[in-house]
Amino acid sequence: MGDFVTRMLVVAAVCLLPAVPASQGPAFAAAPADDGTEKLFTFRDQRITESSGLAVSPTHDGLYYTHNDSAAAPTFYAVDGEGRTLATFQVRGAQARDWEAMAATKDPRTGRGVLWFADIGDNLDGAWPNVSVYKVLEPRTIADATLPATRYRFRYADGARNAEGLMVHPRTGRLYVVSKEFSGSVYAAPQKLRTDRVNVLRKVASAPLMATDAAYAPDGSSYVVRTYFSATLYRSSGETIGRVTMPELEQAESIAYTADGRSLLVGSEGPRSPVYRVPLPAGSTPTPSPVRAEQDKEPAPVARAGESDGAGLTLRDVLIWLAAAVAAIGVITFLARRTR
């Protein structure tokens with residue numbers, strides 16, 4: 001509920017604030033509204049009411065996966081390019097406390113698709129001692145089925161927090177969680193995950209304000225982190241490339257790269273929610289290095305105390321959140337006085 005109230009306050013703040021010029025931009029200009037952004041499809045299935053994770057199938061052409069948010073069963077859906085559900089999958093041995101994100105990769109040794117589901121939401125910012133990510137082998141046949149999962153438990157080295165972003169490096173297989181905070185962070189999992197103990201997530205880079213999802217490019221040369229307002233592109237080393245304007249959505253929650261890495265797919269919660277394809281602006285994709293190790297770099301080390309790259313954060317964003325904070329304080333004060 002706290003997360004819902006925050007979003008409502010943000011919406012109110014956006015409506016009340018006048019337009020504010022953005023701060024100095026990134027290396028390329030944000031894409032204009034007529035940059036080729038198009039609605040790819042709308043989820044037709046009435047059961048998909050809170051699409052929170054989105055991924056492109058690594059082995060089935062024209063297939064997409066999604067799952068609902070909290071208070072749902074451990075279920076995910078396979079849909080086609082017209083938004084029609086082709087199959088519904090139950091995940092055996094999994095809980096769905098607050099599924100917030102998913103990722104899809106291909107095992108470089110076997111060529112088998114791998115799906116990752118992140119039960120990492122924590123609207124109370126520390127209510128859970130640990131969070132979980134489930135690994136499921138992508139089904140070879142797209143038909144209703146129950147699939148087994150491998151569960152990996154995680155805790156943050158610097159204390160529990162809320163998170164909605166998950167990404168897995170397509171070459172190294174390393175898993176990353178992106179926290180949803182006013183000062184967000186990228187956390188790296190150990191290279192080798194253990195099922196017999198809790199794995200530790202360590203902060204390795206900064207992330208934009210209130211990130212709602214993240215994804216790696218198919219070649220591993222870059223990654224993207226999205227917020228309610230925009231998306232920020234990074235090189236695999238953690239260096240900021242620039243920002244991409246997002247289409248207006250009811251509740252911007254998910255992001256993924258297209259299979260060719262030239263566009264982003266973005267989605268929203270809500271019944272019959274749309275999925276948009278947003279082409280990456282010219283010059284925003286780093287030139288792949290001929291040296292594979294260059295693409296496999298980890299995100300840059302975390303900034304020193306007090307430092308932040310401010311990626312994805314404009315003056316308008318700051319004012320919006322300041323207005324939301326003031327409004328929240330006003331509501332809390334009002335309620336406190338009413339309950340005396």
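In this predicted model, Leu166 touches Ala101, Met102, Ala103, Trp116, Ala118, Val133, Leu175, Tyr176, Val177, Asp213 and Ala214, leaving aside residues up to four places away in sequence. Leu166 lies in strand β11. Its relative accessibility is 0%, so Leu166 counts as buried, the cut-off being under 20%. Val178 is 12 residues from Leu166 in sequence, and the two C-alpha atoms are 6.2 Å apart.

Leu166 also belongs to the largest nonpolar core, which holds 20 residues. Trp116, Val133, Phe154, Leu166, Leu175 and Val177 touch the most other members. Two or more residues of this core come from each of β6 (101-106), β7 (113-119), β8 (131-137), β10 (150-156), β11 (163-168) and β12 (175-179). In soluble globular proteins, nonpolar side chains tend to be buried together.

Phe154 has its own set of contacts. Beyond residues up to four places away in sequence, Phe154 touches Asn130, Val131, Val133, Leu175, Ala189, Leu193, Val198, Asn199 and Leu201. A second, separate core has 17 residues, including Ala55, Phe76, Val91 and Tyr134.

At least two lining residues come from each of β2 (53-56), β6, β11, β15 (213-216) and β19 (252-257). Strand β6 gives the largest share, five residues. By type, the lining comprises 21 nonpolar, three polar and four charged residues.

Definitions and conventions:
Residues are numbered from 1 along each chain as its sequence is written. This is a predicted model: local features need pLDDT of at least 70, side-chain atom pairs count only at pLDDT 80 or more; totals for chains, interfaces and linings use all residues. Side-chain values use heavy atoms; hydrogens and water are left out. A nonpolar core is a set of buried Ala, Val, Leu, Ile, Met, Phe, Trp, Tyr and Cys residues joined through side-chain atoms within 4.5 Å. Buried means under 20% relative accessible area, exposed over 50%, partly exposed in between (1.4 Å probe, protein chains only). Helices (H or I, at least four residues) and strands (E, at least two) are DSSP runs, numbered from the N terminus. Contact means heavy atoms within 4.5 Å. Ala, Val, Leu, Ile, Met, Phe, Trp, Tyr, Cys and Pro count as nonpolar, Asp, Glu, Lys and Arg as charged, and the others, Gly among them, as polar.
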